Amino acid sequence: MIDSKIPDGPLADKWNTYKAKAKLVNPANRKKLTIIVVGTGLAGSSCAASLAEQGYNIQSFCFQDSPRRAHSVAAQGGVNAVKNYKNDGDSVYRMFYDTIKGGDFRSREANVYRLAECSASLIDQSVAQGVPFAREYGGYLNNRSFGGVQVSRTFYARGQTGQQLLLGAYQSLLRQVNTGKVTMHTRHEMLELVLVDGKAKGIIARNLETGAIERHVADAVVLATGGYGKVYYLSTLAMGCNSSALWRAHKKGAYMAGVSWIQFHPTCLPQHGANQSKLTLMSESLRNDGRIWVPKKAGDDRLPNSIPEEERDYYLERKYPAFGNLAPRDISSRAAKERIDSGHGAGPMKNAVYLDFSDAIAAQGKKTIEAKYSNLFAMYEKINGIDAYKEPMLISPAAHFTMGGLWVDYELMTTIPGLFALGEANFADHGANRLGANSLLQACVDGYFIAPYTIPNYLSGELKATKISTDHPAFAEAENSVREQLNRFLQSKGTLSTDYFHKTIGRLLYEKCGLSRSKQNLEEAIVAIKTLKASFEKDLLITGDDTLNSELEKAGRVADYIELAELMCYDALQREESCGAHFREEYQSNEGEAVRNDADYCYVSAWEWKGLTNPPELHKEPLVFENVELAVRSYK
Amino acid sequence: MKLYLKIWRQLNATSKGEMVDYEIDGVTEHMSFLEMLDLLNESLIQLKERVIEFDHDCREGICGQCGVMINGRAHGPLKQTTTCQLHMRSFKDGDTIYIEPFRATAFPVVRDLKINRTSFDSIITAGGYIGASTGQAPEANSIPISYETVEASFDAAACIGCGACVATCKNSSAALFVGAKITHLALLPQGKIEASKRVLTMVDQMDKEGFGACSNTEACEVECPQGISVLSIAKMNYEYNKALIMKK
């Protein structure tokens, strides 16, 4: 039985109760303890900086050439926080409710409440670091509204909110490098977790510049390695984003939860050709002013500006009048897919819908629209060569955010003692669908406000533990398994590149375990993945050697993606209901809306690795709702 | 389209590099520049050759990890565009393209087109931050900042740390990168307190890393993907001189 360790007491008091009772480590003892933090995005940087400030020794790792490059940098639209600056009825409870409802009642009440509770402090924190959030003329902070909510609680820094928040966290991190409390390891990739007596005590990392395999020992390990949406190959993620740290921890005993809950972002640029490497995201904030439509007539080949108003179908406004173009992401994406599949798709490949700003420009003037979105319009023109002030944008859903990840308890600790997972790498707060602008928030709240209490609580028990060195046999064993895998890749004598396998698994998942799923498709996918896995072992071709070698790096990541993809399909197959981003075709209403099954599936699916030849084992964490009523999630 | 590529190949920081000729066919105008390199690498793999190593990550122009000299220009021919956002419609069938790493003493080549920009991190480590500890910041609206000030601060804060400014500068100066961070933080009320200390330590570190001096050619602004203004260099010099005077 897995224990989520949620504190007793009323919802609003749980976190304060926890903080008041959490065990502490004496300042003089903190310098005796070392914490490994893998990943330097918002969660990793903020956690590393915060713990270093307390006096712990931090070993920080990232695969990029600088910690500032982590993919948090790419988030555009904003970060949610309960400040109620607009005086429009916002409150901690309302944000909690919006997030629970947005996640289709598949997240923990206590976690979500804590997220909302800590949100206001994040804005204070970032402003203190120098994050240039948008301001009103009077000098006070401005904000806007985002999908799935009816208040304005989203703070933003033009279209580069993630970059600015990350620079704040990165600068705090480097400030601790300066004090000597943080040691940075850039261009390093974690390839194995080291367990001693069942506890996380270190990692094996590969120096990507030299190829050296290194052992690093610590008293606790934090994985803040982001999401695994890149498993779909074509996604909004960076090319290097991967699941390897998570997956290798999973194979060492950490459970994975909500694995198949992947958010498809509704406003991305559509695919245009076979060699495409990514689908660029256009901020959801565009939906504040853009209207989404497709031609009423299927197969309409006319250019968008020559389709008259009465022949346009503003399908989100039609189907969801209360929320219109600001309907949540899963609903917007699925509605787009439905229109595209029924032959109403726009663009050269008929794989997109229109996002039209002509009404907003007419009402507010081009200048106002420019002030809000100029960088997004410029980006659109760079990629497509089209001026979106004159012609509607073409957008399409793309794999984006993983609600699933390592299962963690209330303390963000995985099922392995001493192994914590923060930010997108854990499954905790978003249920089956994440609301826009909650991802930056969760990453920051985990790192700045939660881990600094829960990790010391764990470490207080480790002070008296016997100190381990990298000479421990567990390190040798982990290192050997890493070396064996790398050697296997280097000796491969096939004909197919890593990219071939990555693209193949991605296409398979888009078709069988993407925006919509069915029993038949998922069962077919599991068979196809086993075949692909066998082919990967036999047909892979890697050139180069064991020094700097990007193909060798990719091989390890793709090997993990293939195994992860199989678990995603098991997870989606087992859950015989539709909830949030998980849409099972067998479980829908007559109008095509998701039908949840609270009687049988109101739990978190946490999966345990049982070896290469056995299916994973399911553990259920029941979701108990004491403060909200389970409701049909309607945005109509 | 078919293209003739001349690409810098170099095994490591100490080995000698050279330009190597490649031909590539089947490039379409919708492909990004890096997707064109992906295609070339795929063909090298099929020939059982080592791939061309280049830095890249987000491929949407914000992470700052990509960047090569394309026909002698940092990030290629377009204004305010990173290498990953450059598309092949900027080239035509039969073109010859020279592709080289960003070069500077402070940016040693790691391999092929990959370079080491740790020197940028070292400059930030020296003082490129506001010394606010995490967790206990005051209410955000207790520090009103005028719209104009925060917008000007943002203009400088938008730097993505790619190093195009250094690569294009004949002196390999990092003045635009450092000036942008100085400006971002010095304009904000919460950053003013440490402004003097910050500018002195950052400029000192910039010199230690082996970057050259600024001679005001303004080439950096031309190649900057974020269009950071050279006025941020002036701001840095102003803050630096002010700090020196105040110190005495």
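Tyr233(A) is buried, with 26 other C-beta atoms within 10 Å. A residue counts as buried if 20 or more other C-beta atoms lie within 10 Å of its own, as exposed if 12 or fewer do, and as partly exposed in between, with C-beta atoms placed from the backbone. The structure is a predicted model, in which local features need pLDDT of at least 70 and side-chain atom pairs count only at pLDDT 80 or more, while totals for chains, interfaces and linings use all residues. Residues are numbered from 1 along each chain as its sequence is written, and chains are lettered from A and ligands numbered from 1 in the order in which they are written.

Tyr233(A) has a positive phi of about 60 degrees although it is not a glycine. Its place is the loop between β9 (220-223) and α7 (244-251) of chain A. Helices (H or I, at least four residues) and strands (E, at least two) are DSSP runs, numbered from the N terminus. Asn87(A), also not a glycine, has a positive phi of about 55 degrees. This residue is found in the loop between β3 (79-80) and α4 (92-102) of chain A. Asn87(A) is exposed, with 8 other C-beta atoms within 10 Å.

Chain A is divided into domain 1 (265-399) and domain 2 (478-602), with bounds that come from an automatic or database domain assignment. The C-alpha centres of these two domains of chain A lie 29 Å apart. Six residues from domain 1 of chain A and five residues from domain 2 of chain A take part in the contact, where two residues are in contact if their C-beta atoms, placed from the backbone, lie within 7 Å. On the side of domain 1 that touches domain 2, helix α9 (residues 329-344) of chain A gives the largest share, five residues.

Chain B has nine helices and seven strands. Its C-alpha atoms fill a box of roughly 60 × 35 × 35 Å along the principal axes. Of the 248 residues in chain B, 54% are buried. Among contacts in chain B with a separation of 6 or more, 71% join residues 24 or more positions apart.

An open sheet in chain B has five strands in the order β2-β1-β5-β3-β4, with mixed pairing; two strands pair if DSSP finds at least two bridges between them. At the edges stand β2 (18-24) and β4 (73-74) of chain B, each with a single partner strand, so one side of each has no neighbour in the sheet. Strands β1 (residues 3-9) and β5 (residues 96-101) of chain B run parallel and are joined by four bridges. Lys6(B) stands opposite Tyr98(B) in β5(B).

Helix α5 (residues 175-187) of chain B has 13 residues, which at 1.5 Å a residue should span 18 Å; its end C-alpha atoms are 17 Å apart, which agrees. The expected span is 1.5 Å times one less than the number of residues. Because 13 of the 13 residues of α5(B) are buried, this helix is largely enclosed by the rest of the structure.

Between the chains, 66 residues of chain B are in contact with 66 residues of chain A. The elements of chain B that give two or more residues to this side include α1 (33-46), α3 (147-157) and α5. The most, six residues, come from α2(B).
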